[in-house]
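Visitor: I'm new to this one. Could you show me how to read it?

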Amino acid sequence: MSDIGNIEFKYEYVTYEDKKKVIEVQLRELEVTHFGLLMTEPSRLNQSQEHIQWRQQKSFIESSIKRLRNKKERFFGEEE
């Protein structure tokens, strides 16, 4: 993913606050998805293939959350 601060495209209508809101909305959606996955964990014994796929999805969502949190930190700093 590209660094938000180094985006070469000039936005005319997207403000600093708009960008921050987009990242926050995406983080919320990822966290909701992660929580939903935790609520539907398949059995490791009875559904081993499903559990492997579930674990891969969970790992992908977790890494996406971490990357987006890092981007938010780099672009906006610790404002909250």
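Guide: Let's go through a helix and its salt bridges. Keep in mind that this is a predicted model.

Visitor: What span should helix α2 have, and what distance separates its end C-alpha atoms?

Guide: Count 1.5 Å a residue: the 29 residues of α2, residues 48-76, should span 42 Å, and the end C-alpha atoms are 41 Å apart, which agrees. Just after α2, G77 takes a positive phi of about 70°.

Visitor: Which residues of α2 are buried?

Guide: Among them are W54, K58, I61, I65, L68, K72 and F76. The cover over the buried residues of α2 includes α1, residues 16-39.

Visitor: How many salt bridges are there?

Guide: The count comes to 3. One of them joins the side chains of E24 and K72, at 3.9 Å from N to O. This pair links distant parts of the chain, with E24 in helix α1 and K72 in helix α2, 48 residues apart.

Visitor: Is K72 buried or exposed?

Guide: K72 counts as buried because its relative accessibility is 17%, under the 20% cut-off. E24, at 26%, counts as partly exposed.

Visitor: Where do R69 and E31 sit?

Guide: Their side chains meet in a salt bridge at 2.8 Å, N to O. R69 belongs to helix α2 and E31 to helix α1, 38 residues apart. R69 is partly exposed at 44% relative accessibility, and E31 is partly exposed at 38%.

Visitor: What about K58 and E62?

Guide: In general, an α-helix has 3.6 residues a turn, so residues three or four places apart point the same way. K58 and E62 are 4 residues apart in helix α2, so about one helical turn separates them. Their side chains form a salt bridge at 3.1 Å, N to O.

Notes: Residues numbered from 1 in each chain as written. Predicted model: local features only at pLDDT ≥ 70, side-chain atom pairs only at ≥ 80, totals over all residues. Heavy atoms only, no water. Helix = DSSP H or I, 4+ residues; strand = E, 2+ residues; numbered from the N terminus. Expected span 1.5 Å × (residues − 1). Buried < 20%, exposed > 50% of the residue type's maximum accessible area, 1.4 Å probe, protein only. Contact = heavy atoms within 4.5 Å. Salt bridge = Lys/Arg side-chain N within 4 Å of Asp/Glu carboxyl O.
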